[in-house]
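Please look through the sequence and the structure that follow, and keep both at hand while reading the report below.

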Amino acid sequence: MKIKANYANEPFWRESTIYSKMPQELKVLDEIAHNLWWVWNYEATEMFSAIDKTLWRKTEGNPVALLQMLSYNRLEEITKDVALMNQINAVYAKFRAYMDEPVRRDIPSIAYFSMEYGLSNILKIYSGGLGILAGDYIKEASDINVDLTAIGFLYRYGYFTQTLSMDGQQIANYEPQRFEQLPIQQLLDESGKPVVMEIPYNNFSVHCNVWTVNVGRVTLYLLDTDLDINSEWDRSITHQLYGGNNENRLKQEYLLGVGGILLLNRLGIKKQIYHCNEGHAALINAQRLADYIEKDKLNFNEALEVVRASALYTCHTPVPAGHDYFEEPLFHKYMEQFPARLGISWQEFMDMGRAKPGSNEKFSMSVFALNTCQEANGVSFLHGEVSKKMFAPVWNGYYAPEMHVGYVTNGVHMPTWAASEWRKLYEKYFGGEFYKNQSKAEIWEKIYTVDDEEIWNTKIALKKRLIKHIRESFEDYWLRNQNDPSKVVSILEKINPNALLIGFGRRFATYKRAHLLFTDLNRLEKIVNNPQYPVQIIYTGKAHPADGGGQGLIKNIIEISSRPEFLGKIIFLENYDMRLAKRLISGVDVWLNTPTRPLEASGTSGEKAEMNGVLNLSVLDGWWYEGYRKGAGWALTEKRTYDNQQYQDQLDAATIYSMLENEIIPLYYAKNSKGYSPQWIQYIKNSIAQIAPHYTTKRMFEDYNSRFYEKLAIRSDMLKDKDFAKAREIAAWKENVAAGWDSIKIISTSVDEDALKHFEIGKTMKMSLVLDKNGIKGDLGAEVVRILTDPITKKEVVSVFKMNLDRTEGNKVYYSIELKASTAGPLKFGIRIYPDNKDLPHRMDFAYVKWINF
C-alpha cells in the first residue's frame, strides 16, 4: 500500500477571547462602557477616542470592544498620562452625579414594550424609525429620571448590513452579533447563575436568556431564544428583526407580550402604566388579564376594566395593511389555551381582535390593543386624524371625528442627534440648565444673539466632516468592487464642500417617493451642473429584503448617479445606520422628504436635521404639517391636486425643481464677502428658534404624561382601590346594560315636521324622545347627530347635540332638544342613545349605541 504524503482530518476549534486586564484605576471605564449614557454625552465619546483613536474608529465607536482590545502597554501608558486620567475622572464624576440622582415619583411608573430599539449603531436591535423613536424615548425617560422599565429582544443577527453591487443591487448581509463585545450584561439570579425564562407556549415551552442594557438610569431587558435547549425552530425566534414567516412573527409577538409580562412577574416589577409601542406588543394584555383572573380572583369583565385602565397603545402605521393580522388556525395554534384561562369562549377571544365581531376576519393585533387599552394615540396630529378614520370600524356606532384616539407628535432625543459642535454652541449661549428645559421655546430664541459667522463656521466644519466620510466610504466601496480607479478619482474630485448639499436618508419604501427628484432628468441635470451655483445630492437608505419595489428604487438611483452628467453630483451611500444618519443629517444644508400624502405617520429625520441647523424641504405631512414655519424651511402643500398618483408625482417634482431654482439655490448663494449668505443664516436661526424646541423627546414625553399617563394612573388607582371595588361596580353595571340593551323600548318620538321640511337659517326645530329603560340600571344619554354636506368639498361634517333629560318617571325617561339652523346646505339628522356613566373615561370604553327610528 502506498503511504499518502498528506493526511489530516478537519480541525476542531473552540472559541475564546483574550481580554485586557484592566488596572484598578481604570475599572471605571468598564462601568461607563456598559452604560449607553456615553452615547449621548460627547465628553465620554471624546474620552474613549482619546484612549486610542485608531481602535475607536476600527470598532465603529464601541467602547466595550475598544477596552477589550487595548494592549497591556497602552493601559500602563494611560495610568501614567496625567491629562488623560484627569479627563477620565472628570467624565466618571459627571456620570456618577447623573446616575445617583433619586428617581422622580411625580410621574407614573411605566413598563414599555417594543420590538426594536435604536440606541446605538453597535447594538443592532433596530431597523428604522419605530426603533429609533423607542430608543430616543427611553433615553429621554432616563434624562427626566422616570421610573421606566423597557422590554425587547436581543437579536442574534439583528437587521441586515447593506452592501451594494456595482449595478446597484442591494445585498442583505446578516452578520451575527458578538454579544461579549456589546454593552450588555446577562441577567444573573441570586446564586450568580444566568436567569433562564421558561415561556409556556401552547403544549410546549421556549427558554430564554435575559440580557440587560443600561440606558442611563433606565434598564432595558432583552429576551434571547438562541439557546441549545430550544428546538431549531424556537432558537430562531430572536434571530432576525422582522425575519421569517408569519408564524415566526406570531411567535415573536407572543414572546414580547406574554413573555415580557412573565419576565416582569419573575423580577417582581409592577408598574402603573403599560405602554405598547405598536400592536406587536398587544399580547401583554392577554397575560395581564390571566394574571388578574388567576391571582386576584377577578372575573373576565372585572379584569378587563383593570387592565384597560392602565394600558396605552401607540400606533405608528397610517394604513390598515401595515398592521399585523393572523389567520384563525395559526392564531389558534398558539393561543388556544388563553380563553379557558380567561373564562371566555374561543369565539369571544377571537372577536377581541376583530373590527366586526362574529365575522371571519383575521385576528388583528391592533384591534386587540384597542379593545384592551383605555387610550390610543397616533404619532402626529395628522396621523391621529388618519387613525381615527382607520379605527372607526371598531366602534361603528360613532363617526371618525368622535373617536377617542389622540396623538403625541414624535420628537427626537436632542443630545443624541445634535452634533457635538452644535451642542457646544447651545451650551455656550443657552446656559447650563438648557438640557433640563429644552422644551421651552424662549431658551432657543437666544440663537438670534449668536454671530452669523459662528453659525456658518459650525456648518462648514460639519460639512467637511461629512465629505471626509463620503470620500473614505467611496474609496472602500470602489476598491471592494474592484472597479476602474480613475472613475472613483473623478467622483471624489467632484465632491465640493462649497456646494449646496441636499440629503435624503430613510427606509426605501415606495410611498416615500425617493424617485421623485428624477422625474425630469434634463431639468435635474441643469440644476446640479450649474458651475456658478453647484448642487450635490446625497442619498442613503435600506429597502426591506422582501420589498422589490424599494430595492428597485435604490438600483435606479445608483444607475442614474453613474451617468456622466450626474457622476459625483448624485451620490448613494450604502449601509444607512445611526452613525451614518447622524453624519448626514448634521452635514448637509437641506433635508429632503417627499412622502405620498398622508402616509407619513410622523417622520423624525427632519426633526434631527432641525437640531443641526439643517433646513427642511418636505411635503406638509407627518410632523412637518405642524412644524413648518415660513422663513424657516420650505413646504409642498398637504393637499392633493390629482387622484392619479403619477400626475401628482409629476406636479410635486416640478414644484421641487421650481423651489430649488427660484428660492433655495439663490438664497444659499446670496453670499457676502465672508463667504456665506446672511439670509440663509437667518433661515437657520428661525428654524432653530421656532421649530426645534417643539420636536424634542423632552416635549414628547411631557405630552405623553399630560395627555395619557397621568389620567391613566389616576383612574387605574381608583379601580384597584378597596379590593377592586370600583372595577367590580363598573363591570357589574356594564353586564346589566349589555343584558338589557335590546329590551329598551321606544315609547314615543316627535319632531317638528314643518320645521324639518322648511329648515331655514335662524329657525329652530323641536325634537323629543321617551324611552322605557326596562330595568337597565344607571343613566342613558340621548343625542342628535347632524351630518351636513359641504356644498364645495362634498365632505360630510358631523355635529353632535346632547338632548336634555327633562324628567324620569320610574323606568321612563323623557328627552327634548331645540336645534337652531346656522349653516345652509343639505343635511340629515339621527337620534342615538348610549349608556351614560361618569366613571367611564370615554364613549369607546363601552360603545353600545342604539339608533332611534323617528
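## Salt bridges, a sheet and a surface patch

Arginine 96 and glutamate 31 are joined by a salt bridge, with 2.6 Å between the closest N and O atoms; a salt bridge here is a side-chain nitrogen of Lys or Arg within 4 Å of a carboxyl oxygen of Asp or Glu. This pair links distant parts of the chain, since arginine 96 belongs to helix 6 and glutamate 31 to helix 1 (residues 27-33), 65 residues apart. Helices (H or I, at least four residues) and strands (E, at least two) are DSSP runs, numbered from the N terminus.

The model is predicted, and for that reason local features need pLDDT of at least 70 and side-chain atom pairs count only at pLDDT 80 or more, whereas totals for chains, interfaces and linings use all residues. Residues are numbered from 1 along each chain as its sequence is written, and side-chain values use heavy atoms, with hydrogens and water left out.

Arginine 96 is partly exposed, with a relative accessible area of 25%, and glutamate 31 is partly exposed as well, at 31%. Buried means under 20% relative accessible area, exposed over 50%, and partly exposed in between (1.4 Å probe, protein chains only).

In general, side chains of opposite charge can pair when their charged atoms come close. The structure holds 53 salt bridges, and the table lists three of them, including the pair already described.

| Salt bridge | N to O distance |
|---|---|
| Arginine 96 and glutamate 31 | 2.6 Å |
| Lysine 251 and aspartate 234 | 2.9 Å |
| Aspartate 324 and arginine 249 | 2.9 Å |

Elsewhere, salt bridges that share partners join Arg156, Asp226, Asp228 and Arg235 into one network.

Six strands form an open sheet in the order 17-16-15-18-19-20, with parallel pairing; two strands pair if DSSP finds at least two bridges between them. Strand 17 (570-573) and strand 20 stand at the edges with a single partner strand each, so one side of each is left without a neighbour in the sheet. From one strand to the next, the twist averages 20°, where axes are lines fitted to C-alpha atoms, for helices over the stretch in contact, and angles run from 0 to 180 degrees between N-to-C directions.

Strand 19 (residues 615-619) runs parallel to strand 20 and is joined to strand 20 by three bridges, and valine 619 stands opposite leucine 636 in strand 20. Helix 28 (residues 678-690) packs on the sheet and touches strand 15 (500-505), strand 18 (590-593), strand 19 and strand 20, contact meaning heavy atoms within 4.5 Å. The direction of helix 28 makes about 75° with that of strand 19.

Is serine 109 buried or exposed? Serine 109, which lies in the loop between helix 6 (82-99) and strand 1 (110-113), is buried, with a relative accessible area of 8%. Leaving aside neighbours within four places in sequence, serine 109 is in contact with Asp147, Lys270, Lys271, Gln272 and Ile273.
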